[in-house]
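Good morning, colleagues. Please bring the sequence and the model up side by side, and I shall take you through a few local features.

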Amino acid sequence: MNHAAWQRKLRWLGTAIVAVYAVLFARAALLQLGHCAAGRDSQRRQSVRRVWVGARRGGLYDRHGVPLNVNRDAMNLCIDLAALREPGETPRRLVEKTVALSNRLAPLLGPGALLTAASPADVARQVIQAPALPVVVWRDLSPSQIARWAVHECAFPAIRLMPETTRCYLLPDKGFHVRGFAATAGPSPGASRDYAYCLPGTAGRCGLEQVCDDRLRGRPGEIVLQVDVCGYRTAVLDCREPVAGEDVVLSLDIRLQCYAEEALAERTGAVVVLDPATGDVLAMASSPAGRLDGSSADYAALAADRARNPLLNRAVGQVYSPGSTFKPLVAVAALISGTVSHNAGFSCAGAFRYGRHRVGCWRQGGH
C-alpha cells in the first residue's frame, strides 16, 4: 500500500476520533446544562429521607374537668447510629457494637435493667430497616434510672434521652365503651409513600376517641434528613414541629358513670343517664365490658367472646323495647293534647291491633 493510501486512512481515523469525542462532549454538556435540574432532583431523592412525626394527642375530660384519657410522657434511651458507626463499618458489626454498648450501660441503670433492654433481634431490625433513626434500647425509664444515666452521660456520647408520649387511661375499668381508646398510627395510606420513616402518633379506634379523632389527633410534623450512601444520617436539613391536638371536655360525669356501672355489676344490659333540661348524656354504661388499659391479647380475648359480646356498646348498638318506662311520656303527651283527661282509665286485654299488626303485652292475659 502506497504512502497516499496510508494518509487517507489516517485522515479518516482522525476524523472518526474527533467525531466520537465531539459526541461525548455534546452529551456531557447536555447532562450538565440541560438535565442538571433532573440530576439534582435524582441526587436529592437518593440522599434525603423524610420522617413523618406524629403530634401529641389532646385529652378527654369529664364535665367537671376530671382527666379521663390523657397523655403520659415517657423517656427512652436511644443509640445514635451515626455517632456510633465508624466509616466503612458493616451493618452486622454495627449491630454487635450497639448490643455491646447496651450491655455495658445496663449495670449503671440499676438492678434488672438488662432484662428490660431491647433484644438483639429488635436492634438488628432497627439498624437494617431504619439506619437514619436512633435505635431505642430502653423504653420508659424510671426517675431513678434517668438520674443514674445523667451521672454517666458524658461517658456515652452516642446515647441520648428521647421523650415519647403514651396514652394513659385514668379509672381504666370505667366507661370502656363510651370513652374508647387510641392506638399507634402513622400517616394515611396516600401520604405514607412520601415518607421513608415514621415516628408514630396515635389515632382513636373506638368510642369518643374515634368520634373526636379529628380534634384530638392534631397536625403531624416532618423532619428532613440528609443521609450517606449507606442510609445513615449526616445532617438535619429541615424540621417542622407537629401541632398538638385539642383537649375535649365531655358532657359525661365520671361520678355518675361509676354509679351506673356499679349498679349494673355483672349483669348484661345498659344504663343511660340524661340531663332532662339539655339532653346532655351524663352517663352511658354497658355491661359486660373490658378495661381501657388492656393489652392486645386482652382485646383479642374480648373479641373472641361471642357469647357475652363485651365489645358491644348495648346503650347504642342494640335495639330494646322501651317497655313501661315509656308510659309516662305517652301519658303526658295525651294530657297536653287533650286526648284524655287526668281521671281517664284504660284496661289491658293482653294485646291490641294497629292496622294489620298485633301488639302484645308482656303478660299474655293482660293486666
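Let me begin with the term helix: helices are DSSP runs of H or I with at least four residues, strands are runs of E with at least two, and both are numbered from the N terminus. What we have is a predicted model, in which local features need pLDDT of at least 70 and side-chain atom pairs count only at pLDDT 80 or more, while totals for chains, interfaces and linings use all residues. Residues are numbered from 1 along each chain as its sequence is written, and side-chain values use heavy atoms, with hydrogens and water left out.

I turn to helix H10, residues 254–264. H10 is followed by Ala265, which has a positive phi, near 55 degrees. At the start of the helix, a side-chain oxygen of Asp253 comes to within 3.0 Å of the backbone nitrogen of Arg255.

Which residues of H10 are buried? They are Ile254, Gln257, Cys258, Ala260, Glu261 and Leu264, where buried means under 20% relative accessible area, exposed over 50%, and partly exposed in between, with a 1.4 Å probe and protein chains only. Viewed down the axis of H10, these buried residues fall within an arc of 165 degrees, so they line one face of the helix; the arc is taken from the directions from the helix axis to the C-beta atoms. The face turned away from that buried side carries the exposed residues Tyr259 and Glu262. The buried residues of H10 pack against strand E3 (67–79), helix H7 (176–179), strand E12 (269–274) and strand E13 (281–287), contact meaning heavy atoms within 4.5 Å.

Next, Thr98, which lies in helix H4. Why does Thr98 count as buried? Because its relative accessibility is 0%. Its side chain reaches the backbone oxygen of Leu94 at 2.7 Å. This is a polar contact: a pair of N or O atoms within 3.5 Å, where, within protein, one must be able to donate a hydrogen and the other to accept it, and residues adjacent in sequence count only if both atoms are side-chain atoms. Leaving aside residues up to four places away in sequence, Thr98 touches Ile79, Leu81, Leu84 and Val123.

Ala28 is found in helix H1, residues 3–34, and is partly exposed, with a relative accessible area of 37%.
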